[in-house]
Amino acid sequence: MELLLFLAASLRISVPYALAAVGASFSERGGVINIALEGIMLHGALAYTLAAYWTGNPWLGLLAAVVAGVLTAALHALVTVVVKADQITSGLGINLLAAGLTRFVLIQVFHSSSNSPRVVGLPEWDLFGLRRLPALGGTIAAPLMLIAIALTLGAQWLVFRSVFGLRLRSMGERPEAAASLGLSVPLYRTLGVLLSGAFAGLAGAWLASEQHSFTDGMTGGRGYIAIAAMIVGKWSPLGAAAACLLFGAAEALQITLQGSGIPSEPLQMLPYLVTMLALAGFIGRAVAPRADGVPYDPEKS
Amino acid sequence: MSAAPGALPATPAERGAGPPARAALLRSLAPLAAVAVALAIGAIFIAAIGEDPLSIYALMLRESLGTGYGIGQTLFKATPLVFTGLAVALGFRAGLFNIGVEGQLYLGGFAAALVGLGLGGWPAPLALALTIAAAAAAGALWGAIPGVLKARFGAHEVINTIMLNFIAFALVSYLGRPHFEPATVRTAELAAGVHLARLDTLLPALRGSPANLSLAIALAAAAAVGVLLFRTRLGYELRAVGLNAPAAACGGVAVGRAQAVAMAISGAIAGLGGVNFVLGYKHFFELGFTAGAGFLGIAVALIGRNHPLGVVAAALFFGALSYGGLVINQRVPKELVEALQGIVILLAISAHEVLDRIARRMR
């Protein structure tokens, strides 16, 4: 039972990471580094809260979060794919913008610089009686949990088994070659970024729905951990989700250890250390798509 | 990925395109265009919440640059940005993107506090020198790690510096706990011998503002970076690696070593920035003191076009903006200024690309 509860906690913690990390693999497989995940999640969380607050309907909140995520990602696509500016700088700029903008809106709408009032969360889904599973039931029945699992499997298929995925991956490996086949590099790269925005928006919605409110800076670096998980998962949706489970378990363990006198900081560092080791080639070689992060500009090549 | 960030200077080949002077002039307009458009966007937000943009901007200008106290506040806010902007700019020049400046700055301040506390009884000048050196050393170490990983394993410095930021935050709360005052997240007060004097003791006009001698260190660092980059062999190598690493390798530059050295120096400059808060202002270390100054350094470097003089000017601009944001907080939430900083970054890299394309078509 203890173990099941721990597993349930790990799963719950992993959901936002996994949604954002799985989404990131679309963007990066298409050749666009998306460090803006942090800001996109923040916008998603705020959009969920605002919509749920004004309409009282959590599903409209979910929709608003996806729209906000896609719009923020569109800004990233505009700067990186259309204007062809540096992708990492754009992501950081968006994160700074989102941190300020969400607080600005929080103050304007809720007259508080720290948090929103309580809003409704997403209701549980009782599919196939899963709800009655011991310990895990409440976790499995969370709609975004089921959606996250389905989306991860769907993303894996889309990236590696579909025509769209093959084309998207070619944009991240050899965009010149893809362009010579008559495919539009900007179109596919933009679609990759927008998909990643939709996923990160959902991740933000999960955070706000779980907490029943928006708090300032509530993403707390999760966007960056999602990037890290995607790297450890070798730029594949399934791998990214698996890495998120590992990171989620580390965080669950940290919470379990609270108050036990064992310092939690070494566990806090674990995801970051694992990522650095993976990048240095100690845990299997993590190699980025060849053209990941390189703007495609036929004028310059 | 060696994708050069937006504000890298034009390569000689690019510069050959079009009438050189006009193309260069056009490119140098990018930061100004970015700032102007960002302020216009800010004006829309200010108008949207029912305030008059012109009177708000006038108030910001008056309060941050129109009084001795305001100028002192602006200088104080600009000081850490000179350090972090220089750190990012130096990395950019060597083709490296140091996003770890925030963590390097944080560790620099932490190391300064620990060493300053430990050297309590030492002769003041020596203790002060060692304390400042500790800040630089801690930053250098934290910068060198991703540099060496890049040189040795080809591991991407952007991801590693992001990871090292988070590790620095966790590490400092772990290592700092035994040194914190009961029920606080700050250390004890440092002895007066390791304090950096307030500038208002020299310039009474700045009375009451927290600007301190860290500013002099910052300006010295800017001069040193200028000399290093443009007057020394090492600087030449760093710039050669930044412009074209394979060509530099052909020319006999040890590329990996140059990258590792560049990251260490960049980290050292960032770490030095910690003295502004710890030795010059509060005289203790406190968790979270950096408050994003490291990330803002990226904007400073971009707007300053990775040149030490440009960095100093950009730091003053962002310093004024940041203090101006506090002044108007009663009427317009200061968070607007934070959002504008992000917008400035997006516009700066976009304007550079667009103007660069126009410049290339002028041939």
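## A guided tour of chains A and B

Select chain B to begin: of its contacts between residues at least 6 apart in sequence, 79% join residues at least 24 apart (a contact means that the C-beta atoms of two residues, placed from the backbone, lie within 7 Å). What you have open is a predicted model, in which local features need pLDDT of at least 70, side-chain atom pairs count only at pLDDT 80 or more, and totals for chains, interfaces and linings use all residues. Residues are numbered from 1 along each chain as its sequence is written, while chains are lettered from A and ligands numbered from 1 in the order in which they are written.

**Stop 1: chain B as a whole**

Switch to a cartoon view and you will find 16 helices and zero strands in chain B (DSSP runs numbered from the N terminus: H or I of at least four residues for helices, E of at least two for strands). The C-alpha trace spans about 65 × 55 × 35 Å along the principal axes of chain B. For 363 residues a compact globule would have a radius of gyration near 21 Å, and chain B agrees with its 21 Å (taken over C-alpha atoms; the globule rule is 2.2 Å times the number of residues to the power 0.38). Buried residues account for 58% of chain B (buried is 20 or more other C-beta atoms within 10 Å of a residue's own, exposed is 12 or fewer, partly exposed is in between, with C-beta atoms placed from the backbone).

Now select B:Arg305, in the loop between helix 14 (293–303) and helix 15 (308–327) of chain B. Its phi is near 50°, a positive value in a residue other than glycine. Most residues other than glycine have a negative phi. B:Arg305 is buried, because 23 other C-beta atoms lie within 10 Å.

**Stop 2: where the chains meet**

Show both chains: 40 residues from chain A and 38 residues from chain B make the contact. On the chain A side, helix 4 (87–110), helix 10 (222–232) and helix 12 (265–279) each supply at least two residues. Helix 4 of chain A gives the most, with 16 residues. Colour that side of chain A by class and you get 24 nonpolar, 11 polar and five charged residues (Ala, Val, Leu, Ile, Met, Phe, Trp, Tyr, Cys and Pro count as nonpolar, Asp, Glu, Lys and Arg as charged, and the others, Gly among them, as polar).

**Stop 3: chain A**

Chain A has 12 helices and zero strands, and its C-alpha atoms fill a box of roughly 55 × 45 × 40 Å along the principal axes. Of its 301 residues, 55% are buried.

Next, pick helix 2 (residues 37–55) and helix 10 of chain A, which pack at an angle of about 130° with their axes 7 Å apart (axes are lines fitted to C-alpha atoms over the stretch in contact, and angles run from 0 to 180 degrees between N-to-C directions). Helix 2 of chain A is therefore oblique to helix 10 of chain A (under 35 degrees is roughly parallel, over 145 roughly antiparallel, 65 to 115 roughly perpendicular, and the rest oblique). Show side chains for A:Leu37, A:Glu38 and A:Met41 of helix 2, and for the helix 10 partners, including A:Arg222 and A:Tyr224.

Finish at A:His212, in the loop between helix 9 (185–211) and helix 10 of chain A. Phi of A:His212 is near 60°, a positive value in a residue other than glycine. A:His212 is partly exposed, with 15 other C-beta atoms within 10 Å.
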